[in-house]
Amino acid sequence: MKKGFKFMSVLVVSLVVSLFLAGCSSSAKETLTVYNWADYIDESVIKEFEKEFDVRVIYDTFSTNEDMYVKLKSGGASYDVAFPSDYMIERMIKEDMLHKIDMSKVDNYKYIDARFQNLDFDPSNEYSVPYMWGTVGLLYDTTVVKEPVDSWELLWDEKYAGQILMMDSQRDSIGITLKKLGFSVNSRDSKELELAKQELIRQKPLVMAYVVDEVKDMMIGGEAAIAIAWSGDAMLMMGQNEKLAYVVPKEGSNLWFDNMVIPKSAKNKELAEKFINFMTRPEISLKNVEYIEYSTPNTGTMELLDEELLNNPVAYPSDDIVDNCEVFLDPSDFLKEYDRIWTEIKAH
């Protein structure tokens with residue numbers, strides 16, 4: 001669930017230039033269109049794929065799963081490969097929006113850790129190949145927050161009024177509140193959701209802002225004391241500000257996955273499968289892991305990782321922490337209720 005921005009302007013400029021040149025000199029080349037989270041790939045990997053397969057890559061980005069879904073659902077664009085998250089993959093499967101992947105063309109699937117196969121959103125491993133995974137937790141400034149941090153309750157502590165950053169995502173903010181209250185992140189119980197809504201309304205006067213990508217600049221720069229963060233973003237921020245620390249609260253959290261899929265609108269399924277296989281090659285996967293600092297599901301890549309990173313509990317948490325987390329499931333059958341609650345929270 002990457003929402004990065006590091007060096008994105010360089011990537012965009014580079015891709016625009018390369019596409020311009022390709023249009024001038026190589027218009028006949030086979031083309032692959034890719035739709036991914038912002039700054040979620042090493043730029044050199046795209047160039048390497050283009051060179052190895054003598055093709056042209058058109059690369060576009062989205063900010064949220066919902067933005068990606070709407071664009072694909074509306075038919076406003078055609079992409080050969082996309083990178084949605086778990087619950088959105090489940091929804092896209094239900095709505096017949098994805099091709100089944102010919103796994104005989106994805107030899108490198110053998111490197112996908114068994115822990116990340118046969119998950120609820122794609123139980124038969126037919127529609128998606130894992131790319132990255134991680135947790136959602138609390139990122140905090142240790143020079144401001146002095147007490148031990150182990151609970152979502154910290155986000156409701158009045159002593160940090162005006163220093164708290166919440167995630168501008170109904171799924172994540174409602175989800176962590178449900179966990180704080182002892183409920184499932186996938187609750188479809190109206191009473192439980194009403195309690196979560198009231199908790200978030202009660203908290204709202206303490207919140208500095210609801211953010212997504214902006215959290216990185218703000219936490220690195222010391223503008224806030226506490227934020228909800230994805231583990232990979234936490235790794236990035238902690239690398240640039242040694243005062244920051246990250247924890248998955250004791251109540252549990254969300255365990256998320258971003259996978260590669262082939263939309264039904266794809267114009268080049270065969271090349272898409274080559275790209276997915278290429279991206280799952282251990283040494284290629286390693287380049288992406290080192291660039292975006294998220295956790296890999298690739299056992300071949302893990303053998304190549306630096307020991308310090310491999311032993312980092314933020315990137316690779318213990319089984320106890322993972323087992324205490326839940327994967328988001330598709331909420332489309334209850335989406336109007338989530339939308340209503342989030343609208344009421346934001347409007348309060």
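Lysine 29 is partly exposed, at a relative accessible area of 31%, where partly exposed covers the range between buried (under 20% relative accessible area) and exposed (over 50%), computed with a 1.4 Å probe on protein chains only. Its side chain meets that of aspartate 54 in a salt bridge with an N to O distance of 3.3 Å, a salt bridge being a side-chain nitrogen of Lys or Arg within 4 Å of a carboxyl oxygen of Asp or Glu. The model is predicted, so that local features need pLDDT of at least 70 and side-chain atom pairs count only at pLDDT 80 or more, whereas totals for chains, interfaces and linings use all residues. Residues are numbered from 1 along each chain as its sequence is written, and side-chain values use heavy atoms, with hydrogens and water left out.

**Salt bridges**

- By this rule the count comes to 28 salt bridges.
- Glutamate 199 counts as buried at 13% relative accessibility, while arginine 202 counts as partly exposed at 49%.
- One network, held by salt bridges that share partners, takes in Glu194, Lys197, Glu337, Arg340 and Glu344.

**Domain arrangement**

- The protein chain is divided into domain 1 (31-133 + 256-316) and domain 2 (134-253 + 328-347), with bounds that come from an automatic or database domain assignment.
- The centres of the two domains, taken over C-alpha atoms, are separated by 26 Å, and their contact (heavy atoms within 4.5 Å) takes 15 residues from domain 1 and 19 residues from domain 2.
- Domain 1 and domain 2 bury about 1,500 Å² between them, 59% of it on carbon and sulfur atoms, where buried area is the accessible area (1.4 Å probe) that two parts lose on being put together, summed over both.
- Tyr87, Trp256 and Val314 supply 40% of the area that domain 1 buries against domain 2, more than any other three residues.
- One salt bridge is counted between the domains, and the side chains of aspartate 330 and lysine 94 meet in a salt bridge of 3.2 Å, N to O.
- Helix α4 (residues 86-94) gives five residues to the side of domain 1 that touches domain 2, the largest share.

**Helix α10 and its surroundings**

- Helix α10 (residues 282-292) is mostly covered, with eight of its eleven residues buried, among them Pro282, Ile284, Leu286 and Tyr291.
- The buried residues of α10 pack against α2, β4 (129-141), α8, α9 (269-279), α11 (299-302) and α12 (307-310).
- Valine 45, placed in helix α2, is buried at a relative accessible area of 0%, and it touches Phe278, Met279, Ile284, Lys287 and Asn288, not counting residues up to four places away in sequence.
- Aspartate 233, which sits in helix α8 (residues 231-240), counts as buried at 2% relative accessibility.
- Just after α10, glutamate 293 takes a positive phi of about 65 degrees.

Methods:
Helix = DSSP H or I, 4+ residues; strand = E, 2+ residues; numbered from the N terminus.
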